[in-house]
Amino acid sequence: MESLLITILVTSVPILLAGTGELIAEKSGVLNLGVEGMMLTGAVAALGSVLIFGNPLAGIFFGALAGILISLIFSFFTIFLMTNQVATGLGLTIFATGLTGLIGEPFVGKTISSLPKIEIIFLSDIPFLGSIFFKHDILFYLSILLIIAVHFFLIKSRYGIIIRAVGDNHDSAHSIGYPVKIIRLLCVGFGGMCAGMGGAYIPLVLTPHWSEGMTAGKGWIALALVVFASWLPFRLLLGALIFGGITILQFVGQARGWPFPSQFLNMLPYLVTIIALSIISIKTRSGNTLVPSSLGKPFLENN
Amino acid sequence: MDKKNSKTLLKASGLTKKFGSFVANDSINIEIKKGEIHALLGENGAGKSTLVKMFYGLLAPDEGNIKFNNKIINLLNPKFARAMGIGMVFQHFSLFPALSVSENILISLDEKLTKKQLEKSIINTSKKWGLKVSPSKKVAELSVGEQQRVEIVRCLLQKPKLLIMDEPTSVLSPQEIVNLFKVLKNLSKSGCSILYISHKLHEIKEIASKVTILKSAKVVDTMETKNVSTNILAEKMVGKKIIRLKAKKNLKKLKSNLALSVNNLYRFKKNQFGVTLNNINFTIDYGQVLGIAGIAGNGQVELMEALSGETLGKKEEIIFENKSIGNSKIEYRRQLGIEFVPEERNNHATVPDLKLHENTFLTFFGYHIFNKSFFNKIFTNPKLSIQASKQIEKKNDVRCPYDNPLAKQLSGGNLQKFVIGRAFQANPKLVIISQPTWGVDIGAANIIRQKILNLASMGKAIILISQDLDEIFELSDSIGVISNGNLSKIKNKKNMTPTQVGLLMGVS
């Protein structure tokens, strides 16, 4: 039981990180469907840098950096050339899948050392809970702190309100003097960084060797997660645990020979998202808008 | 107002702004005194918005300079303008619906305040000027009037020396306009100058002491409003004499003149914001214009939807030339010879991102489908719709920025002329028009009104739904008033006065 819960928590980290980043990007009005690609890029950069520098911490840094860099491609096209965000995001994932396959080729068969576990004094001694929550790697703690920080940042801080404002009505934001494009560039960059770290988590903690396409759809789940969470950080945390739990159930189910197909569980995150979307749609009709209004719309300075 | 004592606050000299080869402002000179309400008058596209965007730092002038308090200022972005003491209330607002009122205000204040300080100063300011706002509400929940108050409070919190107001009354009810004018007059007494943009002449006469008139990117004249009649203002703005409408010819009354009758029309509201139509009854004869007056949001949209076939009901509710069409779709009604011009020209009457000829095709669809061979039912020939479009443009003086533009690239007035022209092009027997001149400049409005009268002279029937009482009285033969989903008895215009109509509008 204990180990099952730990596995669920750890499995949730990549989608939580990627989801956190995508949440900020979408709050600013940019729909980046390239999450899967950015995670792959982060994964291969992390793995490669650990092989070169021998230090798993370098993996976090280079994973994040790679995520930022590849998100710049997306930003350049969608924000400055005003291309269609959906098509560009899909393109980014396809591009990154190929690119990481190429870069990762020499890494095949090599194994890296994982991120060390950090036991938090006193807290890790609490029976049962201690070993579940407080004996993890640094990226685990970071991901939790990050989503809490994002929550308060979005609601309380001036910059958080500005990001929400840009996502709500970019023309208004422009007309009162905010640099819409720069703000979006930064938000998408943050999204890239988080997706990169989320991707890095996979080789650094979960499976310490390279295989092509090793994110295995986690980027898509992260995208669904943001919608499921209706763009609210704490719901995102909850959703990440649920989606992580479902993923683990697949393996448990297969191992124990449960009488329903694993494909059904595979499908669950998306099914849950569709249900969440329907609920959001009903709420929206009653005047409670959760979706950032200018999500996916290119901003044209109308001179 | 002692002229010698009033100092100049803002002076623009030789301001020129070009977009590519298009000159939006051509060496504009304007001078605004301290505490003065200065009106900026001009038709749509005359360059008013471009000019004030330069004052607010949203656009940089290509030539010329702006002096503020006798110093040349260089406004790189709106923050600079706000720091100088220039505030602006936008026509379509610059608010964020998903954020609360106080959040909306917070992010446009350059001064950094805590939440408590901010709410306190919002409440103080709103009390001081009599502008009621509630800081914790979301903007999406507010009425248009309230939203405008938020914008004004937001500007006033910065203690502006110059307040720019872009067409502030186009969205307000008469009562709200009275309140707004009180606030503006008090502001000007307290020493704040106001640059008031409008194309409504009587408003300018009422509120402003001076007026600068723009026409095709240039200043035509600057004058004291005291010494000038609205007629002269109108002529300067349009650049030619305003031609009075030619009265329509009345047809001989025939027994078989009945075009449409609506009997006990009932539609339950679609959502909580809608209006239920209750037992609507009226008839209209050929050669007649029936005006339906009323304040916006009293069931006009719902009535239009029921008449056009966007919402369907019982067969007998609507009878056109002995055919019961209450449950017939819009296409069938079109084929019978009824055309519709809904109130929203963008998104409703046209698809903004389609070209004009494609928009023409969409309403001519029925004719294409039913009168053509099998081959032509599947494939369309764009030549035909381009031809039809060109005719509509020519007949209705639709001015396009270039050949065959997207619908959204037309100015409001031109798009409206196109939409109405398109309805007339189909040679209809009955046209139902909603708010035909809303937000349209005088020149275009006059053309549109004349078209409506001409059409009635030709024996067509016209139902005119309008908020504009002057328009209703100018065009209609008989008048009904819609209020909270109920339609008053239809009366001959001769037996009705604007006061009576106003009273009927108020019944809730």
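Where is the place of B:N484 in chain B? In this predicted model, B:N484 sits in the loop between strand 19 (478-483) and strand 20 (486-487) of chain B. The residue is not a glycine, yet its phi is positive, at about 50°. Its relative accessibility is 42%, so B:N484 counts as partly exposed. A positive phi of about 50° is also found at B:N427, again not a glycine. B:N427 lies in the loop between helix 14 (412-425) and strand 17 (430-434) of chain B. With a relative accessibility of 53%, B:N427 counts as exposed, because the cut-off for that class is over 50%.

Chain B is split into three parts: domain 1 (2-238), domain 2 (256-337 + 429-508) and domain 3 (351-427).

The interface of domain 2 and domain 3 of chain B was examined next. The C-alpha centres of these two domains are 25 Å apart. Contact involves 16 residues of domain 2 of chain B and 13 residues of domain 3 of chain B. The size of an interface is often given as the accessible area lost when the parts come together. Between domain 2 and domain 3 of chain B, about 1300 Å² is buried. Carbon and sulfur atoms give 67% of this area. On the side of domain 2 of chain B, the most area is lost to domain 3 by B:R334, B:Q335 and B:K451. Together these residues make up 35% of what that side buries.

Polar links across this interface were also counted. Zero salt bridges are found between domain 2 and domain 3 of chain B. Four residue pairs are in polar contact between these domains, with both residues at pLDDT 80 or more. Three elements of chain B each give two or more residues to the side of domain 2 that touches domain 3: helix 10 (330-336), strand 17 and helix 15 (442-457). Of these, helix 15 of chain B gives the most, with six residues.

Over all chains, the count is eight. One of them joins A:F140 and A:Y141, with ring centres 5.7 Å apart and 80° between the planes. This pair is edge-to-face. A:F140 and A:Y141 are both buried. In chain B, the rings of B:Y56 and B:F90 have their centres 5.8 Å apart. Their planes meet at 75°, so this pair too is edge-to-face. The pair of B:Y56 and B:F90 links distant parts of the chain, 34 residues apart. B:Y56 lies in the loop between helix 1 (48-55) and strand 4 (63-68) of chain B. B:F90 lies in the loop between strand 6 (86-89) and helix 3 (101-106) of chain B. B:Y56 and B:F90 are both buried. In chain A, one aromatic cluster is formed by A:F53, A:F61 and A:F62.

Leaving out residues up to four places away in sequence, A:Y270 touches A:G217, A:W220, A:I221 and A:A224. A:T247 stands 23 residues from A:Y270 along the chain. The C-alpha atoms of A:T247 and A:Y270 are separated by 12 Å.

How values were computed:
Residues numbered from 1 in each chain as written. Chains lettered and ligands numbered in written order. Predicted model: local features only at pLDDT ≥ 70, side-chain atom pairs only at ≥ 80, totals over all residues. Heavy atoms only, no water. Phe/Tyr/Trp six-rings, centres within 6.5 Å; stacked < 30°, edge-to-face > 60°. Buried < 20%, exposed > 50% of the residue type's maximum accessible area, 1.4 Å probe, protein only. Helix = DSSP H or I, 4+ residues; strand = E, 2+ residues; numbered from the N terminus. Contact = heavy atoms within 4.5 Å. Domains from an automatic or database assignment. Buried area = accessible area lost by both parts, 1.4 Å probe. Salt bridge = Lys/Arg side-chain N within 4 Å of Asp/Glu carboxyl O. Polar contact = N/O pair within 3.5 Å; in protein donor to acceptor, adjacent residues only side chain to side chain.
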